[in-house]
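This briefing looks at charged side chains and how they pair. Please have the sequence and the model in view while reading.

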Amino acid sequence: QVQLVESGGGSAQAGGSLKLSCVASGSIYRSKYMGWFRERPGKEREVVAVVETAVGRTMSHDYLGGRFTISQDAAKNSIYLQMINLQPEDTANYYCAADGGVLSVGAWDDHWRYAHWGQGTQVTVSS
């Protein structure tokens, strides 16, 4: 079993920054990808950033404007999400996720690929 615990959410003003942390426990070594997803009010869960854990390759979509940076600390079984220049539209519940390994079905940005999820941490950005 894999357990993921997020922390670091909270409130920020527009233009501000926050850093989220996710600590993993259990059979996390099997995961190919770990990443961050978010659910904004009234919208579907979407990928924010993902890291391919074995090689450290990071992925995110261009439309996020390079404001979100994922990093990992393998020794601590942790990943992080540095968020800068936050905007009100970034208000969401942010989830840490890990897939079930190299045989998982789906692309890096498909939420259904990820078998393990944290409980989520709320980020609220005010204008």
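**Salt bridges in a predicted model**

Asp90 is buried, at 1% relative accessible area; buried means under 20%, exposed over 50%, and partly exposed in between, with a 1.4 Å probe and protein chains only. The model is predicted, so local features need pLDDT of at least 70 and side-chain atom pairs count only at pLDDT 80 or more, while totals for chains, interfaces and linings use all residues. Residues are numbered from 1 along each chain as its sequence is written, and side-chain values use heavy atoms, leaving out hydrogens and water.

**The rule and the count**

- Side chains of opposite charge can pair when their charged atoms come close.
- A salt bridge is a side-chain nitrogen of Lys or Arg within 4 Å of a carboxyl oxygen of Asp or Glu.
- The count by this rule is 7 salt bridges.

**Pairs around Arg38**

- Asp90 and Arg38 form a salt bridge, with 3.0 Å from N to O.
- This pair links distant parts of the chain, 52 residues apart: Arg38 lies in strand β4 (residues 33-39), and Asp90 in the loop between β8 (78-83) and β9 (92-99). Strands are DSSP runs of E, at least two residues, numbered from the N terminus.
- Arg38 is buried, at 2% relative accessibility.
- Glu46 also pairs with Arg38, and their closest N and O atoms are 2.7 Å apart.
- Glu46 counts as buried, at 15%.

**Arg57 and Glu52**

- A salt bridge joins Glu52 to Arg57, with the closest N and O atoms 3.0 Å apart.
- Glu52 is buried at 14%, whereas Arg57 is partly exposed at 43%.

Key:
Helices (H or I, at least four residues) and strands (E, at least two) are DSSP runs, numbered from the N terminus.
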